[in-house]
Amino acid sequence: MRSSSLFALAGTLAAAAAQNMSLCDKYTTALLKDNNATNQYTLLTLLVNTVVIGNYTQPNKNRVPGILAPGEYMGEQVNLLPYFNGELKSSNRGGSSGVSINFLDDGGAAPLMMNMPANSTDSNQYFLLTHLYQFFGKLLDCSGYSTMNFPKYSGVDMASAHAFMALSPSEFGYFVTQVGLAATSFGVSSSDVSAVADVLNTLFGYRCSPKTTVIPEMGETLNSICQNEKCPLDPNATCDAYPNKGIVMEPELAMANATNGTGPSSTGMVPSGITTGESEFSGAATVERAAVGVVVGLLAFAVTF
Ligand code: HEM
């Protein structure tokens, strides 16, 4: 399994899907009726936005705190926000060490609650969110991927993107848990969620994993996301293929007084709801609720699980 190609892994997901439909197509049909690229992209937007900020649509089947909220994984405290708001020098922009980038620089949670990635189309937030829609869209094998209404993945490989984060098993596990919770909140079955979690753990949850094809048009890439020394070593480990032989340093804190716009976000970037959970979101502006109303209405109509 560890050295399997994407095709074998995709097979795992396909086997979990009914009627030979991919998971993306299956749940687009179930939740949004018409299985086209536009609706598939909407499904990925709903899923990823919920993973990031927690529940913002009604109805939902369970609470999702979201990756920006502090939490616990296997008894360990986890707080991923500092990787996203510029508090840590943990982003890879090609140098030999990490830099501070604020990924909540274009509206924070507010546009996500309106099913958008960001307020504009040229910000750190916009590129991160849209790359996540695209990447997970391919992982879930959306049939409309790489068509006009579902752009193909345009980010970098997973090992490079997470190279200066030194992510631990708890941080990685917390992220995957939020993906699972977001999926079940929309009615995805627990067996489908398990199949996805297995694929995420296999592809990204080991240190020094050998090159594998994840995004076919990118060819073979290095994909370890869990990279710190507590992460399990891949049984086929190729640490020499990674920078510094796969040994990563904990990211440093960014300067508290950064003023160049890429430094830590002000508290206003992230509504307090993100750290305190679902109930805060019920206070969202009426206009935001109206904007997601169409999708929410469809969900309410279509969810039959
Ligand atoms: C299954 C696990 C994960 C997957 C599949 C995943 C996927 C991705 C993808 C596709 C990108 C976009 C890369 C690009 O734009 O080139 C990204 C970026 C990022 N991820 Fe992850 N990720 C995972 C886990 C995590 C975890 C646990 C963290 C913890 C903080 C994290 C933090 C980030 C950050 C901060 C970025 C922005 C990086 C940059 O643009 O420099 N990710 N991730």
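This is a predicted model: local features need pLDDT of at least 70, side-chain atom pairs count only at pLDDT 80 or more; totals for chains, interfaces and linings use all residues.
The secondary structure of the chain comes to 12 helices and six strands. Among contacts between residues at least 6 apart in sequence, 63% join residues at least 24 apart.

**The surroundings of the ligand**

- There are 25 residues around the ligand, and those that come nearest are Tyr 83, Ser 91, Phe 135, Gly 155 and Phe 175.
- Two or more residues of this shell come from each of helix H4 (81–84), helix H6 (124–139), helix H8 (169–185) and helix H9 (190–204).
- Helix H6 gives the most to the shell, with five residues.
- By residue type, the shell divides into 19 nonpolar, five polar and one charged.

**The largest nonpolar core**

- The largest nonpolar core holds 77 residues, and Leu 43, Leu 47, Val 48, Leu 80 and Phe 136 touch the most other members.
- Several elements give two or more residues to this core, among them H2, helix H5 (109–113), helix H7 (158–161) and H8.
- Helix H3 gives the most to the core, with nine residues.
- Phe 136 touches Leu 44, Leu 47 and Val 48, when residues up to four places away in sequence are not counted.

- Helix H2 covers residues 23–32, and nine of its 10 residues are buried, so the helix is largely enclosed by the rest of the structure.
- The buried residues of H2 include Leu 23, Cys 24, Asp 25 and Lys 26.
- Lys 33 follows H2 and has a positive phi, near 70°.
- Helix H6 has 16 residues and reaches 22 Å from its first C-alpha to its last, close to the 22 Å expected at 1.5 Å a residue.
- H6 is mostly covered, with 13 of its 16 residues buried.

**Strands S3 and S4**

- Strand S3 (residues 85–91) is largely enclosed by the rest of the structure, because six of its seven residues are buried.
- S3 pairs with strand S4 (residues 99–102) in the antiparallel sense, over three bridges.
- Within this pairing, Asn 85 has Asn 102 in S4 as its bridge partner.

**Loop residues, buried and exposed**

- Tyr 145 lies in the loop between H6 and H7. Tyr 145 is buried, because it has 23 other C-beta atoms within 10 Å and the cut-off is 20 or more.
- Tyr 145 and Ala 37 are 108 residues apart along the chain, and 6.9 Å separates their C-alpha atoms.
- Leaving aside neighbours within four places in sequence, Tyr 145 is in contact with Gly 137, Lys 138, Phe 150 and Lys 152.
- Ala 166 is in the loop between H7 and H8. Ala 166 counts as buried because it has 21 C-beta neighbours inside 10 Å.
- Ala 166 and Pro 251 are 85 residues apart along the chain, and their C-alpha atoms are separated by 7.0 Å.
- With neighbours within four places in sequence left aside, the contacts of Ala 166 are Gln 227, Asn 228, Val 248, Met 249, Glu 250 and Pro 251.
- Asp 240 and Pro 210 are 30 residues apart in sequence and 9.8 Å apart in space, C-alpha to C-alpha.

**Backbone features**

- Most residues other than glycine have a negative phi, and most peptide bonds are trans.
- The peptide bond from Gln 58 to Pro 59 is cis, with omega near -5°. Pro 59 is found in the loop between H3 and strand S1 (71–73).
- Met 74 is not a glycine, yet it has a positive phi of about 50°. Met 74 lies in the loop between S1 and strand S2 (76–78), and it is exposed, with 10 other C-beta atoms within 10 Å.
- Asp 141 follows H6 and has a positive phi near 65°, in a residue other than glycine.
- Asp 141 is in the loop between H6 and H7. Asp 141 is partly exposed, with 18 other C-beta atoms within 10 Å.

Notes:
Residues are numbered from 1 along each chain as its sequence is written. A residue is near a molecule or strand if its C-beta atom, placed from the backbone, lies within 6 Å of it. Helices (H or I, at least four residues) and strands (E, at least two) are DSSP runs, numbered from the N terminus. Ala, Val, Leu, Ile, Met, Phe, Trp, Tyr, Cys and Pro count as nonpolar, Asp, Glu, Lys and Arg as charged, and the others, Gly among them, as polar. A residue is buried if 20 or more other C-beta atoms lie within 10 Å of its own, exposed if 12 or fewer, and partly exposed in between; C-beta atoms are placed from the backbone. A nonpolar core is a set of buried Ala, Val, Leu, Ile, Met, Phe, Trp, Tyr and Cys residues joined through C-beta atoms within 7 Å. Two residues are in contact if their C-beta atoms, placed from the backbone, lie within 7 Å. The expected span of a helix is 1.5 Å times one less than its number of residues. Two strands pair if DSSP finds at least two bridges between them.
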